[in-house]
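Subject: Structure handover

Hi,

Here is the structure for you to look through. Please open it alongside this email. My notes follow below.

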Amino acid sequence: MLPQAAVAPVVKLMKALRHQTGHIGSVSCLALCGEFILSGSQGKDIIVWQQPDLRQFTKFGQGDGSVKALASIGNKVFTAHQDSRIRVWKVSRSSENIFRLVDTLPTTKDYLGKFMKQSNYVQIRRHHKRLWIEHADSISCLAVHNGLIYSGSWDKTLKVWRISDFKCLESIKAHDDAINGLVSSKRIIYSASADGKIKAWEKEGKSTHSLKGILEGHKDVSVNSVAVSEDGSLVYGGGSDGYVLGWLGNKLFDSWRVICEVKAHEMAVLCMCLMGEFLCCGSADRSISIWKREINGGLFRFGVIKGHEGPVKCLQASPRCVGGGFMLYSGSLDKSLRVWWIPKYSGGTEDTSPIQRAEEISPFSF
């Protein structure tokens, strides 16, 4: 029988250190960018906040529809939009315009090199075709890995772009329903979908990827988020039924087995992030649950955060150690962005069983 994590007998409320409401719409995505935390929303603007006190630094943005996903690497920020395009921004402290738009994907050069050839078009619905480099629906997630950026879409495809020249290298018919999440670890890219599956993809050669395995979730349950441990051995998926499932992969990353199944929330798990041995889960029930990983990959409840007035749509943990813990940022459909301090150790003797008393997150002063 799979390990089960029961609800902790005592759940204390955890207080937010900061609470900001700069967006006109729901906060849909978060990303770290050096000293900043970026947040995107239903409006086209991306707000830049200073860490950790959430002082608003600036805004930038352009395009149609809401910002669905954010990713950054080096001096570049990638933003994915409801208009099915990816925008690339260059970050420069020496310029008055710190976040400057430098390109939009697919690029004009990519379009001009492909639009004349009929074989470059794919059927997306009856009597309607598009170039294979174009997404046919909203881009829901981004992941950056090894010189490439990956985009997942509601059109069920996973596209691969080269960061050096922004060229689209590959389009994969990845799932039977919308792709909700992407994450990379080692040489594997994991895609989570509303079809109830997490798929593992490995790069082969210079530009192609092959399917390495399929991690099956609960039947008829959307997998809304995926998280992977730093060494790539553990994969966690959050479902629309409130469950989190965990899989352990072998050394070759071509086989996975289920190792845990926990009822994390009463409503859908919408987002997850890993920080060391801690798994953080945001839910439609407006709470955030904090889980601690056991040696075998199992989970026991460490704490519960309440405070948002709407579903928790996105989470981002900061790797900087602060006072023996770490900072966790959360964005919600209540239009707010909040920051919490998560202690890495409980106040008393740690319980090694699958059930642990939820600990209070102590207030922290800036």
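Helices (H or I, at least four residues) and strands (E, at least two) are DSSP runs, numbered from the N terminus. This is a predicted model, in which local features need pLDDT of at least 70, side-chain atom pairs count only at pLDDT 80 or more, and totals for chains, interfaces and linings use all residues. Residues are numbered from 1 along each chain as its sequence is written, and side-chain values use heavy atoms, with hydrogens and water left out.

**Overall picture**

The protein has one helix and 30 strands. Of its 366 residues, 55% are buried. Buried means under 20% relative accessible area, exposed means over 50%, and partly exposed is in between (1.4 Å probe, protein chains only). Contacts here are heavy atoms within 4.5 Å. Among contacts with a separation of 6 or more, 46% link residues 24 or more positions apart.

**Confidence**

pLDDT is the predictor's confidence in each residue, from 0 to 100. The protein averages 86, and 87% of the residues score at least 70. Over residues 4-15 the pLDDT is below 50. Residues 348-366 also stay under 50. Where pLDDT is low, the predicted coordinates should not be read in detail.

Residues 132-171 are 0% helix and 57% strand, with the end C-alpha atoms 7 Å apart. Residues 172-202 are 0% helix and 68% strand, and there the end C-alpha atoms are 12 Å apart.

**Pocket and cavity**

Lining residues have an atom within 4 Å of a point. Grid points are joined across faces, edges and corners, and a volume is the space filled by probe spheres set on the points.

The largest pocket has a volume of about 1,700 Å³. It is lined by 48 residues, and Leu142, Leu182, Val183, Met272 and Gln316 are the closest to its centre. Several strands each supply at least two lining residues, including S2 (27-33), S12 (139-145), S16 (179-185) and S24 (269-275).

There is one cavity of 30 Å³ or more. The largest cavity has a volume of about 80 Å³. Of its 13 lining residues, Gly217, His218, Val223, Gly239 and Leu245 are the closest to the centre. Strands S21 (234-239) and S22 (243-249) each give at least two residues to this lining.

**Residues to look up**

- Gln51 and Pro52 are joined by a cis peptide bond, with omega about -5 degrees. Pro52 lies in the loop between S4 (46-50) and S5 (55-60).
- Pro106 is in the loop between S9 (99-105) and helix H1 (108-114).
- Lys156 is not a glycine, yet its phi is positive, about 80 degrees. Lys156 is partly exposed, at 31% relative accessible area.
- Phe166 has a positive phi too, near 65 degrees. Phe166 is buried, at 10%.
- Trp89 sits in strand S8 (residues 86-91). Trp89 counts as buried because its relative accessibility is 3%.

Best wishes

Conventions: 1 Å grid on protein atoms, 1.4 Å probe; cavity = no way out; pocket = protein on both sides within 12 Å on 5 of 7 lines; lining within 4 Å.
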